[in-house]
Amino acid sequence: MSVVTRFPPSPTGDLHIGSIRTALFNWLYARRLGGKFILRIEDTDRGRSSQQSVDIILAGMEWLGLDYDEGPYYQTQRFDRYGEVVEQLLAQDKAYRCYCSKERLEKLRADQMVRKLKPRYDGHCRSLDNVPTGGVAPVVRFRTPLDGAVVVADKVHGHITTSNTQLDDLVIARSDGSPTYHLTVVVDDIDMGVTHIIRGDDHINNTPRQVHILEALGAARPIYAHVPMINGSDGKKLSKRHGAVSVLEYREQGFLVGALTNYLARLGWAHGDQEIFTRDELKNAFDFEGLNKSAATFDLDKLLWLNQHYLQNVPSADLVAMAKPFFEASKVRLDDGPDVAAAVEAQRTRAKTLTEIVEQSHMFYGDIIRDKNAAKKHLRPAVEPVLQKIREKFVAVDTWSGAALKDIVEQTAIEFNMKLGKVAQPLRVAVTGSSASPSIDITLELLGRERCLERLDGALVYIAERAAT
RNA sequence: GCUCCCUUCGUCUAGUGGCCUAGGACGUCGGCCUCUCACGCCGAAAACAGGGGUUCAAGUCCCCUAGGGAGCGCCA
């Protein structure tokens with residue numbers, strides 16, 4: 001039997017980092033076994049669904065490289081099919097029309113709550129002989145067995161038993177005829193031949209209901225694997241107040257696909273002590289055995305660490321290609337400065353995201369903002385002759401190369417009988433405005449002679465003004 | 001309230017009855033390297049929720065308690 005998995009998001013907002021992780025698991029599983037991965041848009045809730053959300057889903061899948069073999073299917077395009085199934089169930093008496101008013105249902109629920117009972121539909125319309133008058137448009141309810149129990153074999157939780165007395169007759173078609181979630185998933189999974197359902201464990205409680213529908217339709221059961229949820233740092237459901245929750249935000253913030261997927265895969269799943277996985281390794285290693293049962297807390301620090309790791313290890317050309325759009329989106333003038341590739345190379349070990357690479361490279365392209373504390377500490381009158389001397393040498397040097405510049409800085413330190421750091425650091429602050437930058441020779445080289453001289457002059461003015469007050 | 005699920009360092013996790021004086025990773029702290037910031041390297045602190053069993057032996061099996069989460073919609 002070949003494997004078929006699926007990712008069924010509802011287009012009602014952002015593409016949540018938690019749902020994309022289950023998508024990843026489904027994709028990984030299908031890919032490892034040479035199966036099929038299906039994308040299905042669950043848009044039956046027309047009021048909340050939007051094309052914009054669909055676009056976000058599609059863009060997110062593409063960015064993450066989660067390609068699908070079928071789909072996207074849209075449930076709104078399958079209403080005829082659902083209607084057919086509802087009729088079939090009705091004809092077989094496995095479902096029935098319910099004419100209960102919303103008021104009656106609400107009262108029922110309220111009563112059950114005060115009696116400390118689990119709120120359930122009471123089966124009022126289960127065996128109606130004739131259509132009640134009053135003109136209430138009926139819904140269709142599924143006839144759930146009154147007794148017995150369902151046992152669901154789950155790949156991560158083992159056997160989960162649910163007594164049918166805990167379940168009630170759920171609505172499978174609304175009064176306007178549209179199908180509800182439980183019906184559509186089951187029908188779709190059957191029709192699309194889904195063999196493995198990997199989803200969040202918030203669906204554990206839904207599974208027995210779906211199994212009943214599945215069996216009423218005479219279909220074979222798929223294999224279930226309910227994966228733990230991802231929580232925010234306070235242990236609560238991951239939401240916006242914990243930071244970025246939408247996949248595309250991570251892209252905008254300069255995270256690499258490899259890092260994000262690597263991180264997500266390791267939340268709720270492990271393969272021994274391995275932390276770093278290439279996509280192929282992930283594909284080959286992913287299995288249900290490694291899945292965890294308990295919810296995981298999203299840890300941005302670890303994601304950042306992984307991202308930095310990837311930043312350091314991807315081939316230069318790839319990194320540059322990934323960084324370019326970020327440079328272009330920033331306001332700097334790329335034509336007035338070093339080649340982007342050189343800037344990226346200079347920054348890659350000291351940045352955690354692509355956006356940081358760009359921010360730290362601003363000094364190569366635009367004006368600098370002099371860090372007050374750094375200036376105060378390093379641009380003292382005492383270094384004025386040193387910077388003056390370096391300036392002269394900068395003017396005179398033939399080739400503006402890192403090696404030559406390094407030589408100048410070192411020689412100057414010797415001339416003034418100073419430690420290298422005492423010379424390099426003020427120089428750094430002078431030409432970059434900040435006390436942190438790539439090594440001084442590379443920084444100078446990328447800045448270029450003209451810019452270095454300009455900024456050196458600016459720093460000398462600063463020192464002069466400072467001495468005057 | 002009812003039902004179901006979950007519980008190893010702050011966090012992600014290894015662990016499938018003896019190899020566990022509980023391992024790895026992030027983070028934190030200390031050190032080395034060093035022109036700064038990083039990278040890298042070395043080291044430290046840090047956990048089996050609690051209580052009962054079962055067993056020669058329990059983080060690992062069972063039960064209870066506590067805590068957390070989810071579901072209980074004409075949402076998905």
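**Pockets and RNA contacts**

Helix α13, residues 354-365, makes the greatest contribution to the lining of the second largest pocket, supplying four residues. The model is predicted. In total, 14 residues line this second largest pocket, and Glu-359, Gln-360, Met-363, Thr-432 and Ser-434 lie nearest its centre. The space inside is about 260 Å³. Five of the lining residues are nonpolar, six polar and three charged. Domain 4 (314-364) and domain 5 (372-468) both contribute to the lining, so the second largest pocket lies between them.

The largest pocket has a volume of about 1,200 Å³. Its lining comprises 40 residues. Nearest the centre are Pro-9, Ser-10, Ser-19, Asp-202 and His-203. Elements that give two or more residues to this lining are β1 (4-7), α1 (17-32), α5 and β9 (196-200). The largest share, five residues, belongs to α1. By class, the lining has 13 nonpolar, 16 polar and 11 charged residues.

RNA strand B has 61 residues around it, of which Arg-174, Gly-268, Thr-349, Arg-350 and Ser-435 come nearest. The side chain of Gln-425 places an N or O atom 2.9 Å from a sugar or linking oxygen of RNA strand B. For Gln-166, the corresponding distance to a sugar or linking oxygen is 3.2 Å. Elements giving two or more residues to the surface near RNA strand B include β7 (158-163), α5 (181-191) and α17 (420-432). That surface has 18 nonpolar, 24 polar and 19 charged residues.

Technical notes:
Residues numbered from 1 in each chain as written. Chains lettered and ligands numbered in written order. Predicted model: local features only at pLDDT ≥ 70, side-chain atom pairs only at ≥ 80, totals over all residues. Heavy atoms only, no water. Near = heavy atom within 4 Å. Polar contact = N/O pair within 3.5 Å; in protein donor to acceptor, adjacent residues only side chain to side chain. Nonpolar A, V, L, I, M, F, W, Y, C, P; charged D, E, K, R; others polar. 1 Å grid on protein atoms, 1.4 Å probe; cavity = no way out; pocket = protein on both sides within 12 Å on 5 of 7 lines; lining within 4 Å. Points joined across faces, edges and corners; volume = space filled by probe spheres on them. Domains from an automatic or database assignment.
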